[in-house]
Amino acid sequence: MIVELGHYALIMALATALLQSVLPIIGARTRDAGLMGVAPAAAIASFVLILFAFVALTVSYVTSDFSVKNVWENSHSMMPMIYKFSGVWGNHEGSMMLWLLILVFFSALVAFFGGNLPATLKSNVLAVQAWITSAFLTFVLLTSNPFQRLSPAPLEGRDLNPILQDIGLAIHPPMLYLGYVGFSICFSFAVAALIDGRIDAAWARWVRPWTLAAWTALTAGIAMGSYWAYYELGWGGWWFWDPVENASFMPWLAGTALLHSALVMEKREALKIWTILLAIMTFSLSLLGTFLVRSGVLTSVHAFATDPTRGIFILCILVAFIGGAFTLFALRAQTLSPGGLFAPISREGALVLNNLFLTTATATVLVGTLYPLVLEAITGAKISVGPPFFNLTFGPLMIPLLLAVPFGPLLAWKRGDLWAVTQRLYMAAGAALLVSLAVIYFATGAPVMAGLGIGLGVWLIAGSLTDIAMRSGVGKVALPIMWRRLKGLPRSAFGGALAHMGLGVSVIGIVAVTAFATESVVTMKPGETTVGGPFTLQFEGLKPNTGPNYTELQGRFIILRDGQPVSHLTAAKRVFTARQMPTTEAGIYTNGANQLYVALGDELPGGGVVVRVWWKPWVTFIWFGAIFMSFGGIVSLFDRRLRIGAPAKSRSPAVAVGQET
Amino acid sequence: MTRKQKRLAIISGGVAVIGAAVLLVLFALQDQIVYFHSPTDIVEKQIGPDTRIRLGGLVAEKSVVRGTGTKVEFVVTDTANEVAITYTGILPDLFREGQGVIVEGAFVPGDPVFVADSVLAKHDENYMPKEVAESLKAQGVWQGEEK
């Protein structure tokens, strides 16, 4: 019964979204408060309806109701509860429901917190959100209905794909969707501004928290996905430049650019047209990602099993939204007044440089992702574009950008003094150089590039510390004054510094693991040893074990250092009972920032086994850096300036004294 | 600097970066991409040694020789032609005889055996690498649903 109610709620949500698509726009045109008032009410109603549908689907998963086709295909009564729950979005139909839920969640947030927005802007934003909601609701109802019944109901489900039976599934897709669906708000704000034909610094201030929130979630989501693929697939890699990974990475790059250009617009009213364009592009890339993942046009380790009608449907949505938005942009962009002027050497100039490199890098990733499709369509040749392409194109573009990062926050707005900034950064440069030389000198056989790469990471970290130190006057003023200044710094200053620092941490991890990781494939019999980095791995033997819905063969190892046992490690090959599908469970031993990573291969006669051993120095830095970045995003989000509805702090000294006494 | 000069500086900087990126992309698209071939293509077209390619087809029945150590030998077929493969390492979990597979690597000079350095199998029961499905359809031995 609840299943039919869920289906019904989706249809109701579509009706609501259609009303919300039209009435508020008419209201905004005719200044009719009644029609504009429809927008927030409808937005909250659609959220409630889709939430209800989502809960209905979740209930049928949790109670293992195999009369629902989607549950039968992707669940099993023996599955642990957490996977029954997260299995809701471990398939195409269910993940579309999550997509929709997050979309209407964001609309509802705008409806709820958007009290300080001008009424016409708010109505237009919510109407544009409703266009997206209507398009995707139609898609779900016509091609991907999760509520389809089976009769007679099967007794047992076909189980969730074992690779997805992991805590990663509970965290990664929701975070990722919060990110790239979250960018829909920026898109809606941009389109609404174009409809209105009016845009100013206040617009940037309204858009910025949404961009920040989406960016923070996307950063965490991508990092989580990377770590999940790393430990789950048993291939030892953390990024494959796989088309589906690129699909989430492109909106991240564009979103990072948007975050920075919105800063210029907010502070200096410059780059207005560009910021609008970026907001449209970022969400367009999110839509493109949705299309690539679900249409089956690409071969990827992550793609959903698909059906071509869905691909065509999403392609139509994609073309309508991107085409529509760009047409509107072309018609309206020249009516927007250009903003303030600035010298090339200035904070604005640095942010333009950031945008230039980030968007160019996005374009190279886009070319690498789409080129195989285009080439196949034109010549019929099938190719794959892999890591070598991206290392050669994306890599060189990142180096000047990363070198420039520490300069940006230290430059003054409008007109900066590059020489003065360089003098402030001498300590950071010294630290970076020292570390580079130390790495080249001490790490045996280290390529010079590795030393410079790690130095680049140190440069970023030291540069962000310099920024905070300069702002608080470390070494120039007395400690209490410094402390007061530090407390008085806007949170966004700390957020930015943290994010840049995180970037440095990730760079160190990436360079270290690329340059210093070692790998070996060996056959081992019980009692035999092999070397992984500073450790020796002793194989104890294979032991069968049974889990709730799988059986496994565990390979147990003792980890020795200088002949002394320091820890244990267990790697396994599992066979999931329902699908008879084998998976590899890597064994990972974390030592400081380093990891020893072991995957099992074929069993050999006589109790031996093929073992693949990686030593991955500093690998965890990659993900810790991303955590820093997201944390920086969260800190910025709590900046007073962005707190919605918070009035600007009074600068008048009389009031300040009054508050203190 | 005048307004015009400022604008010129920013535009020329932008053009320089984009130009460099375009050159890199063009160069990388020449050299760093890997073509996909079926066993029939290998027989028909002459593919030189040391050229990295992807080769896809079905793992031939009873062709897998393993258990002698870290090296595995098998044969990839599209039912019309076949190519022998050697691979050192751990095969993917869903690598099975009679199933679709894509291997990446190159021929070594003077040897008809293809040396693979990576092997990709489907990662899900319902999933067949798209290139493999298409090349099997071309050979008329596709057994899955018609799309």
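Author: Happy to! M1(A) sits in the segment before α1 of chain A (helices, H or I with at least four residues, and strands, E with at least two, are DSSP runs numbered from the N terminus). This is a predicted model, where local features need pLDDT of at least 70 and side-chain atom pairs count only at pLDDT 80 or more, while totals for chains, interfaces and linings use all residues. Residues are numbered from 1 along each chain as its sequence is written, chains are lettered from A and ligands numbered from 1 in the order in which they are written, and side-chain values use heavy atoms, leaving out hydrogens and water.

With a relative accessible area of 69%, M1(A) is exposed (exposed means over 50%, buried under 20%, partly exposed in between, using a 1.4 Å probe and protein chains only). The largest share of the patch, 4 residues, comes from α2(A).

Now for the charged pairs. Over all chains, a search of the whole structure finds 15 salt bridges (a side-chain nitrogen of Lys or Arg within 4 Å of a carboxyl oxygen of Asp or Glu). One of them joins D467(A) to R471(A), with the closest N and O atoms 3.0 Å apart. These two residues are 4 apart in helix α17 (residues 448-472) of chain A, so about one helical turn separates them. D467(A) is buried at 5% relative accessibility, while R471(A) is partly exposed at 30%.

Another salt bridge pairs R612(A) with E519(A), their closest N and O atoms being 2.5 Å apart. Because R612(A) lies in strand β10 (residues 608-616) and E519(A) in strand β2 (residues 518-524), both of chain A, the pair ties together parts 93 residues apart in sequence. R612(A) is buried at 18%, and E519(A) is partly exposed at 46%.

In chain B, a network of salt bridges links R52(B), R54(B), E104(B) and D117(B).
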